[in-house]
Structures are given as structure tokens and as C-alpha cells.
Amino acid sequence: MEAGWNPVQKGKFVSMGVISDGSYGTPPDVIYSFPVTIGPDRKWKIVQGLQINDFSQGKMKVTGDELLQEREEALSVCQD
């Protein structure tokens, strides 16, 4: 069963695209997929402190850089 907005069992988490707060070295203020818990109140919280190996950290950096570039491109066409 998918978690969706249902509470996540204690000690478990799901992956969800949410607004980055800079966790795990990601650029803030872009939509990024994070491990999250969802409480009974349906509020999500990014899981902190997971170990990320160097290979994965490098891939996350590339993805973050691409998201920043895409955001800049999208905003450039919105300006007068």
C-alpha cells in the first residue's frame, strides 16, 4: 500500500518530492525527493542523519545543479 498522505509507520519513511530546506547538501527552495515521515496530522518531515556515500552524494549534487539550472531557465521566460 502506498503511503500517500497516510501516516508512515514509526521507524519507516517514504520518498517524496518536497521543497528542499538544504538537507543533505541539496540546494534550498527547489523540489527534491527526500526520505520523509508523515505524521498522523499528515505533516511531512525530512528524515535527517542518513548516511550518504560519496557516489550518491555526487549524483545528488549533479541533480541539484540541474534543478537550479532548470529553475533559472523557467524564471527567465517569466520575466518581462
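Contact here means heavy atoms within 4.5 Å. The model is predicted, so that local features need pLDDT of at least 70 and side-chain atom pairs count only at pLDDT 80 or more, whereas totals for chains, interfaces and linings use all residues. Residues are numbered from 1 along each chain as its sequence is written, and side-chain values use heavy atoms, with hydrogens and water left out.

View 1. Beyond residues up to four places away in sequence, Ser-23 touches Phe-34, Ile-46 and Gln-48.

**View 2. The largest nonpolar core, with ten residues.** Such a core is a set of buried Ala, Val, Leu, Ile, Met, Phe, Trp, Tyr and Cys residues joined through side-chain atoms within 4.5 Å. Its members are Val-8, Met-16, Val-18, Tyr-24, Tyr-32, Phe-34, Val-36, Ile-38, Ile-46 and Met-60. Strands are DSSP runs (E, at least two residues), as are helices (H or I, at least four), numbered from the N terminus.

**View 3. Contacts of Met-60.** With residues up to four places away in sequence not counted, Met-60 touches Tyr-24, Thr-26, Tyr-32 and Ile-52.

**View 4. Leu-50 in the loop between strand S3 (44-46) and helix H1 (54-78).** Leu-50 counts as partly exposed because its relative accessibility is 32%.

Technical notes: Buried means under 20% relative accessible area, exposed over 50%, partly exposed in between (1.4 Å probe, protein chains only).
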